[in-house]
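This briefing describes selected features of one protein chain. Please keep the sequence and the three-dimensional view at hand while reading.

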Amino acid sequence: LRPGDRLPTQKELARRLGISMSSLREGLQYAEGVGLIHSKHGVGTFVQKVSAEKLFESRQAPILSRFIMLEDEEWQDLLQMRSILETAAAAISARRITPEDLAKLEETLDLMKQNLGALGDKEKFIEADLEFHNIVIRSAGNRLLEQVYLNMRDLLWRHQMTNFQVRGVDRKAMEAHGRILEALKSGDPRRARLAMESHIRYTIAVATRLMQARKVKDA
């Protein structure tokens with residue numbers, strides 16, 4: 001269902017979902033409470049547009065991020081924000097990261113290697129990828145920055161699922177993560193920042209090409 005679409009009647013929804021009317025009403029109240037739908041008395045219940053702006057304003061950001069449908073411009077803004085935040089986090093982490101977190105980064109990199117290519121589990125690869133970035137950000141020691149990343153995580157997961165449809169992206173990502181890890185081990189903030197910047201710049205370039213290809217197809 002797209003923003004603006006009207007939901008079926010409550011009776012029809014309950015029948016389709018195989019649940020009681022009371023459970024349905026509770027679910028609809030919850031969905032309206034987090035801003036996913038809006039009820040108009042005597043007219044019906046409609047899907048609401050949830051923007052990136054609403055995502056970061058809402059206390060329910062981790063929930064909304066699972067459902068939000070971004071426009072291409074919002075995806076570009078999100079990726080640009082990721083570049084700004086994560087390159088800075090990598091530089092800070094280079095001086096603060098602990099041996100324990102470096103060991104965890106090694107583990108996530110190994111998991112990525114195990115799920116590389118057509119025979120690997122793409123979802124496990126992406127989870128390891130995102131956890132790698134989460135560890136880097138957490139190592140920066142800024143709780144607000146970590147919370148922003150957590151709010152973005154579901155969106156980034158969907159972004160990665162799209163990017164990884166392109167052959168070879170997973171291998172390039174794994175190699176880039178290896179360079180980031182080596183930079184963090186060196187304790188050199190500049191090297192860590194440049195390694196992260198190069199990696200995210202590549203992912204943005206892939207996403208941009210996919211967006212442009214979709215626009216040409218839809219034209």
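Predicted model: local features only at pLDDT ≥ 70, side-chain atom pairs only at ≥ 80, totals over all residues.

In which helix does Leu79 lie? Leu79 belongs to helix H5.

- Contacts of Leu79, apart from neighbours within four places in sequence, are formed with His159, Ile200, Ile204 and Ala207.
- Leu79 and Ile200 are 121 residues apart along the chain, yet their C-alpha atoms are separated by 8.2 Å.

**Ser93 in helix H5**

- Ser93 is found in helix H5, which covers residues 72–96.
- The relative accessibility of Ser93 is 0%, so this residue is buried.
- Leaving out residues up to four places away in sequence, Ser93 touches Val136, Ser139, Ala140 and Leu184.
- A polar atom of the Ser93 side chain lies 3.2 Å from the backbone nitrogen of Ala140.

**Ser139 in helix H7**

- Ser139 is located in helix H7, formed by residues 122–139.
- With a relative accessible area of 8%, Ser139 is also classed as buried, because the limit for this class is under 20%.
- Beyond residues up to four places away in sequence, Ser139 is in contact with Ser93, Arg96, Ile97 and Asp101.
- The side chains of Ser139 and Asp101 are joined by a polar contact of 3.0 Å.
- The C-alpha atoms of Ser139 and Ile92 are 8.1 Å apart, although 47 residues separate the two along the chain.

**Nonpolar cores**

- In soluble globular proteins, nonpolar side chains tend to be buried together.
- The largest nonpolar core has 43 residues, of which Leu105, Phe125, Val136 and Leu184 touch the most other members.
- At least two residues of this core come from each of H5, H6 (99–114), H7, H8 (143–163), H9 (169–186) and H10 (189–218).
- Val136 touches Ala89, Ala90, Ser93, Leu105, Leu184 and Met196, when residues up to four places away in sequence are not counted.
- Another core, of eleven residues, lies apart from the largest one and includes Leu28, Ala31, Val47 and Val50.

**Aromatic rings**

- How many aromatic pairs are counted? The count comes to one aromatic pair.
- The charged end of Lys40 sits over the ring of Phe46, at 5.1 Å from the ring centre.

Conventions:
Residues numbered from 1 in each chain as written. Heavy atoms only, no water. Helix = DSSP H or I, 4+ residues; strand = E, 2+ residues; numbered from the N terminus. Buried < 20%, exposed > 50% of the residue type's maximum accessible area, 1.4 Å probe, protein only. Contact = heavy atoms within 4.5 Å. Polar contact = N/O pair within 3.5 Å; in protein donor to acceptor, adjacent residues only side chain to side chain. Phe/Tyr/Trp six-rings, centres within 6.5 Å; stacked < 30°, edge-to-face > 60°. Lys NZ or Arg CZ within 6 Å of the ring centre and 35° of its normal. Core = buried A, V, L, I, M, F, W, Y, C linked by side-chain atoms within 4.5 Å.
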